[in-house]
Amino acid sequence: MFSKILIANRGEIALRVIRACREMGIKTVAVYSTADRTALHAQIADEAVCIGPPATKDSYINTKAILAACEITGAKAIHPGFGFLSENSAFVRLCDKCGIKWIGPTAAAMDAMGDKANAKKTMIEADVPVVPGSDGVIESVEEAKAIAAKIGYPVMVKASAGGGGRGIRRVESEDELEECITAAKQEAMQFFGNDEVYLEKFIVDPRHIEIQLLADEHGSVVYLGERDCSCQRRNQKLLEESPSVVMTPDLRKRMGEAAVRAAKACGYTNAGTVEFLVDKDRNFYFMEMNARIQVEHPVTEMVTGIDLIKEQIKIADGQALGFKQEDVRLDGHAIECRINAEDPAKGFRPCPGKIKSLHMPGGFNVRIDTAVYQGYEIPSYYDSMIAKVIVKGADRDEAIQKMKVALGEFLIEGITTNVDFQLNLLRDNDFEKGDFDIGFLNRKDLAK
């Protein structure tokens with residue numbers, strides 16, 4: 001087993017990994033920017049190395065600085081968390097050359113799934129249902145028009161190297177197509193350095209359902225149930241739950257087995273998530289695969305009892321999975337609410353600042369993943385998420401009630417957060433009935 005792991009991230013996910021390592025008897029190295037000198041992850045790790053100024057390009061995605069931190073501390077493995085370098089295959093190859101173990105999939109598997117247009121081709125070959133659309137990258141507007149005419153409007157233009165809701169445009173008619181392609185390509189180049197886009201049919205009012213996978217280096221792949229991530233604003237997830245209210249045992253089995261085929265098709269190892277769109281008739285379509293741990297992984301941990309971070313580390317160490325598909329059991333219902341430093345009443349504008357007072361909720365089956373503390377100054381340079389509240393109930397109704405109680409106890413002064421927005425969502429009649437889809441929050445005014 002690794003004697004020391006460097007965590008190439010910040011915030012709550014860095015703390016999450018540090019704690020898992022400590023429980024396994026592994027030393028940890030935190031890296032931090034000058035804006036994060038007082039950050040909790042830099043304070044509780046066994047060692048901490050400053051890797052640059054606040055801008056992410058100069059710090060958290062500064063590959064030379066991160067590898068130098070490995071060298072001076074003797075860390076022989078890197079856990080990337082999510083975001084930043086977590087899906088950067090070029091960095092994975094650099095780690096391989098330097099003899100640093102990457103706690104995640106191989107660069108080849110990452111490349112196979114990272115390019116969404118190529119991933120779609122791979123899924124078709126693996127008999128995984130895909131959304132009708134272009135077979136790969138769009139080469140011209142004329143080609144796009146022909147494909148759109150064939151599959152029918154509305155269609156979606158999507159960045160091939162995209163993620164996080166960037167480089168996506170919905171097109172209602174041929175008159176809008178060229179303008180939307182241009183806009184998507186420009187945004188894709190800005191955020192991903194790659195302006196390639198592809199086209200697919202817009203599925204009306206679908207659910208966003210994802211399947212969590214674990215794959216060891218000995219050929220075993222298991223799926224750990226699903227997460228319903230349909231509560232989104234501007235393609236950004238706000239609330240996730242497991243299991244999904246639309247799921248049936250047969251559908252879970254078919255989607256899980258399709259996800260396993262997807263992973264095996266690209267030789268995937270470690271933790272990964274296959275994301276699907278599910279329509280009102282419970283038809284499901286491959287959307288993308290995330291080659292990393294995800295923000296919402298605690299939801300799966302709560303209902304399966306499996307520590308995904310520890311499993312990632314064990315897999316990277318070459319260990320075989322200690323359980324088989326038939327051993328996986330889902331128990332109860334879990335919900336996660338992302339708490340962001342933002343103002344929902346002002347278009348979810350980020351609200352960095354100093355936390356003057358803070359009280360976190362607690363209780364039976366209530367989990368808080370956070371890196372903030374009273375007196376902490378939230379920097380303006382990074383993502384606005386400051387905490388995740390995760391609860392587990394015997395069923396969905398109990399989980400919703402438990403989350404309402406937990407958020408009612410979440411007190412934070414000095415900054416504006418979306419806690420009240422999340423409470424409004426939990427109190428919404430349609431949400432309580434399970435009647436929602438990925439456009440749900442765009443149709444609701446919950447920021448009152």
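**Figure 1. Phe436 and Phe440 form a tilted aromatic pair.** In this predicted model, Phe436 has a relative accessibility of 5% and therefore counts as buried. Phe440, at 2% relative accessibility, is likewise classed as buried. The protein contains 10 aromatic pairs. The ring centres of Phe436 and Phe440 are 5.8 Å apart and the ring planes meet at 55 degrees, so this pair is described as tilted. A pair of aromatic rings is described by two quantities, the distance of the centres and the angle of the planes.

Figure 2. Asp428 is located in the loop between helix 13 (419–427) and helix 14 (429–433). With a relative accessible area of 11%, Asp428 is buried, because the limit for a buried residue is under 20%.

**Figure 3. Tyr60 and Phe84 form a stacked aromatic pair.** The centres of the two rings lie 5.1 Å apart and their planes are at 20 degrees, so the pair of Tyr60 and Phe84 is stacked. Tyr60 belongs to the loop between strand 3 (47–52) and helix 3 (63–73), and Phe84 to the loop between strand 4 (77–79) and helix 4 (89–97), so the pair ties together parts that are 24 residues apart in sequence. Tyr60 is buried, at 0% relative accessibility, whereas Phe84 is partly exposed, at 31%. Tyr60 and Phe84 form one aromatic cluster with Tyr381 and Tyr382.

**Figure 4. His208 is a buried residue in strand 9.** Strand 9 comprises residues 207–215 and includes His208. The relative accessible area of His208 is 6%, and this residue is therefore buried. Leaving aside residues up to four places away in sequence, His208 touches several residues, among them Arg227, Asp228, Cys229, Glu275, Phe276, Met287 and Ile438. Between His208 and Arg252 there are 14 Å in space, taken from C-alpha to C-alpha, and the two are 44 residues apart in sequence.

Figure 5. Pro154 lies in the loop between helix 7 (141–151) and strand 6 (155–159). Pro243 is part of the loop between strand 11 (236–242) and helix 9 (249–265). For context, most peptide bonds are trans.

**Figure 6. Asp127 and Arg282 have positive phi values.** Most residues other than glycine have a negative phi. Phi of Asp127 is near 60 degrees, and phi of Arg282 is near 65 degrees. Asp127 is situated in the loop between helix 6 (116–125) and helix 7, and its 58% relative accessibility places it among exposed residues. Arg282 occurs in the loop between strand 12 (270–278) and strand 13 (284–290). With a relative accessible area of 38%, Arg282 is partly exposed.

**Figure 7. The protein as a whole provides the setting for the close-up views.** The protein has 15 helices and 22 strands. Its radius of gyration is 21 Å, which agrees with the value near 22 Å that a compact globule of 448 residues would have. Buried residues account for 58% of the 448 residues.

Definitions and conventions
Residues are numbered from 1 along each chain as its sequence is written. This is a predicted model: local features need pLDDT of at least 70, side-chain atom pairs count only at pLDDT 80 or more; totals for chains, interfaces and linings use all residues. Side-chain values use heavy atoms; hydrogens and water are left out. Helices (H or I, at least four residues) and strands (E, at least two) are DSSP runs, numbered from the N terminus. The radius of gyration is taken over C-alpha atoms; the globule rule is 2.2 Å times the number of residues to the power 0.38. Buried means under 20% relative accessible area, exposed over 50%, partly exposed in between (1.4 Å probe, protein chains only). Rings of Phe, Tyr and Trp (its six-membered ring) pair if their centres lie within 6.5 Å; planes under 30 degrees apart count as stacked, over 60 as edge-to-face and the rest as tilted. Contact means heavy atoms within 4.5 Å.
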